[in-house]
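Where are they, and what lines them?

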Amino acid sequence: MQIDHDEIMRRVAAISPRLAAHARECDAARQLVPASMATLVEAGMFRIPQPARVGGYELPLRILADAVTALSEACPSSGWVLMVMGAHHWCMGSFPEAAQDEVFGGGRDGLVAGTLSWQGGATPVSGGFRVDGRWQFCSGVDHSNWVLLGCADPETHGPRVHLIVPREDLEIDDTWHVMGLQGTGSKDVVAHEVFVPEHRTIDTRLLFRGASPHAATHATNLYRLSAEAMLSVSVATAVLGSAKYALSQFIERTKERRVILTGARKAEHGPTQVRLAESAAEIRAADLLLHDILGEFDRLMAAGNGFTVEHRARAKWQAAYSAELCRRAVTRMFSGSGAHAVYAPSALQAAFRNVNVGAQHASIDFDNSAEFYARIKLGLGS
């Protein structure tokens with residue numbers, strides 16, 4: 001069977017009803033319920049960006065993005081966990097082959113949670129690093145086999161190395177009590193003097209620039225992209241899915257609503273129609289901005305060209321602006337949905353919380369991304 005965009009989206013359509021049925025259970029559990037995680041794994045979702053040499057599909061990031069967006073419409077938590085862990089499976093393509101084999105060899109699913117930001121520290125020791133510290137926002141960690149961690153130099157506090165650690169070597173601290181995306185289980189992990197061998201590490205600068213020598217050993221150029229840019233775009237695709245869901249719910253709800261005092265149909269109300277039109281345009285614009293940069297990823301892959309700082313600035317800014325457009329659109333629709341939208345069962349209220357939490361992700365920080373883009377355009381450097 002050929003695994004391509006059509007096949008992945010066929011699988012996405014097949015599993016979406018099952019994930020939607022468990023979405024509220026995930027929120028209540030504050031992590032994906034086992035049935036939802038098993039559904040994603042059995043459908044091969046985490047293999048989309050995984051290297052082919054270790055059992056993955058090694059498909060373009062556009063395909064992962066479309067899967068994440070569509071699944072986020074069904075269950076935001078499931079879409080988010082696929083986005084985060086899928087990004088880490090993609091990152092493994094830049095690690096030494098020995099690490100790839102250890103994580104995915106023998107047909108293993110691997111399942112890599114973690115966080116790319118350098119929060120803890122790594123001290124060089126004989127044969128590798130000693131790792132200590134705390135890392136936040138490890139989405140899906142309860143279901144993972146491995147954890148990918150960004151580590152700083154304990155002396156300079158600058159980025160040093162990214163490394164992969166067995167989940168059982170870490171302590172999971174349940175800190176995930178939040179306003180949205182509750183079902184992602186994005187808990188803290190803590191390391192106490194954990195030894196990580198050299199072959200399970202990569203220099204942070206190489207990973208973030210897409211310059212790892214191991215990225216050039218694959219059948220495609222998929223892993224020669226910037227990890228920083230890839231993550232920014234991936235996060236925005238999950239936010240987009242929640243925004244699309246909010247739009248569909250606002251349309252259906254508006255068709256049914258009537259003004260309490262007069263009985264007039266809200267669908268006939270001019271200002272409500274304007275809210276819908278403007279929000280739909282913003283969400284469509286966000287979709288187009290993301291697919292524009294995903295198309296650029298495809299072109300860079302096909303040509304085998306390096307990923308420049310200009311590409312990185314453009315990708316991060318278009319991702320950040322897309323997420324901001326989604327946030328504005330959903331906030332506008334929520335504000336025009338009446339008092340009943342504040343109740344917990346309201347689908348629009350859930351989407352409002354999820355989009356606003358997703359848009360807070362550091363990789364799509366609006367101010368920082370805008371400044372980075374503008375400085376590069378003005379020749380001021382990063």
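What follows is a look at the pockets first, and then the cavities.

Keep in mind that this is a predicted model. Start with the largest pocket, which has a volume of about 780 Å³. Its lining is made up of 33 residues, and those nearest its centre are Ser117, Leu231, His361, Ala362 and Ser363. Helix H5 (76-91), strand S1 (112-125), helix H7 (204-209), helix H8 (227-256), helix H10 (309-335) and helix H11 (347-358) each give two or more residues to that lining. The largest share comes from S1, with 6 residues.

On to the second largest pocket, which holds about 340 Å³ of space. It is lined by 19 residues, and Ala23, Arg24, Asp27, Pro76 and Ala350 are the closest to its centre. Two or more residues of this lining come from each of helix H2 (23-29), helix H4 (61-74), H5 and H11. H11 gives the most here, with 5 residues. The second largest pocket has a lining of 10 nonpolar, 5 polar and 4 charged residues.

Now for the cavities. How many of 30 Å³ or more does the structure hold? There are 4 of them. The largest cavity has a volume of about 70 Å³. Look for Leu61, Leu64, Ala65, Val68 and Met83 in its lining, together with Met230, Val233, Ser234, Thr237, Leu294 and Phe297. Each of H4, H8 and helix H9 (270-303) supplies at least two of the lining residues of the largest cavity.

The second largest cavity contains about 40 Å³ of space. Among the residues that line it are Ser72, Pro76, Trp80, Leu181 and Asn354. Here H5, H8 and H11 each supply at least two lining residues.

| Cavity | Nonpolar | Polar | Charged |
|---|---|---|---|
| Second largest cavity | 6 residues | 4 residues | no residues |

Key
Residues are numbered from 1 along each chain as its sequence is written. This is a predicted model: local features need pLDDT of at least 70, side-chain atom pairs count only at pLDDT 80 or more; totals for chains, interfaces and linings use all residues. Side-chain values use heavy atoms; hydrogens and water are left out. On a 1 Å grid over the protein atoms alone, a cavity is a set of points where a 1.4 Å probe fits but cannot get out, and a pocket is an open set with protein on both sides within 12 Å along at least five of seven lines; lining residues have an atom within 4 Å of a point. Grid points are joined across faces, edges and corners, and a volume is the space filled by probe spheres set on the points. Helices (H or I, at least four residues) and strands (E, at least two) are DSSP runs, numbered from the N terminus. Ala, Val, Leu, Ile, Met, Phe, Trp, Tyr, Cys and Pro count as nonpolar, Asp, Glu, Lys and Arg as charged, and the others, Gly among them, as polar.
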